[in-house]
Amino acid sequence: MKLFIDTANINDIRTASRWGCIKGATTNPSLIAKEGRKLTDVIKEIVELIDGPISAEVQEASTEKMVEEAKELAKLHKNIVVKVPMTMDGIATVSQLSKLGIKTNVTLVFSVPQALMACEAGATYISPFMGRVDDAGDSGAELIEKIMAMIANYGYETEVIAASIRNLAHVEQAALAGADIATIPFAVLEKMVIHPLTTAGLQIFRDAAKK
Ligand code: E4P
């Protein structure tokens, strides 16, 4: 499973880029707003730090305007993936962008029928939101499993980005379900490295080495 970083914070992206295992980044309007910066300014910096797909979300709502906005975003860099919401206008947008060769990431996916529709429209990526599904009392892990099964049934080329990841259990569930990618907040990426037995074991080895 490829690991993307889910943030618009440049310092965190810079740190994570040095690890060499982060293959892409995703942003959304909330993450951009948190940084208090313009979307295009943030995106231009991210593409310099990570050599892989970088998702930038459209802010318009109609198909016509989303397509225009997407064309502008795509001009910023070859690695830009245009993030489009799972709406009727969004699906029509994905369909048009797919014909233009512009990569898309359909966001706010919460069900198999939505995922199917996005795959049929030619989405490059879809982002089912694990954490928000759990918040609503359902299982984000089951959603990823079902979407992976549906995609395998029909051989769609659309890749699944497990999104809205809040903890290590989500990472594990996404990987076991066979998600192609997980987009993960910086704090959870850091936790992926840490295990108390690793810390304790290292201390024992270091003490032994001193003797
Ligand atoms: C990524 O593409 C999503 O926008 C993000 O993972 C949403 O996460 P949240 O549900 O924690 O806001």
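User: Does Y156 count as buried or exposed?

Analyst: Buried means under 20% relative accessible area, exposed over 50% and partly exposed in between, with a 1.4 Å probe and protein chains only. Y156, at 18% relative accessibility, counts as buried, whereas Y154 is exposed, with a relative accessible area of 57%. This is a predicted model, in which local features need pLDDT of at least 70 and side-chain atom pairs count only at pLDDT 80 or more, while totals for chains, interfaces and linings use all residues. Residues are numbered from 1 along each chain as its sequence is written, and side-chain values use heavy atoms, with hydrogens and water left out.

User: How many aromatic pairs are there, and what is the geometry of Y154 and Y156?

Analyst: Rings of Phe, Tyr and Trp (its six-membered ring) pair if their centres lie within 6.5 Å; planes under 30 degrees apart count as stacked, over 60 as edge-to-face and the rest as tilted. The count comes to three aromatic pairs. In the pair of Y154 and Y156 the ring centres are 6.0 Å apart and the planes stand at 45°, so this pair is tilted.

User: Which residues of α5 are buried, and why do they lie on the same side?

Analyst: Helices are DSSP runs of H or I with at least four residues, strands runs of E with at least two, numbered from the N terminus. The buried residues of α5 are G90, I91, T93, V94 and L97. They cover an arc of only 155° around the axis (taken from the directions from the helix axis to the C-beta atoms), which puts them on the same side of α5. On the other side, M88 and K99 are exposed.
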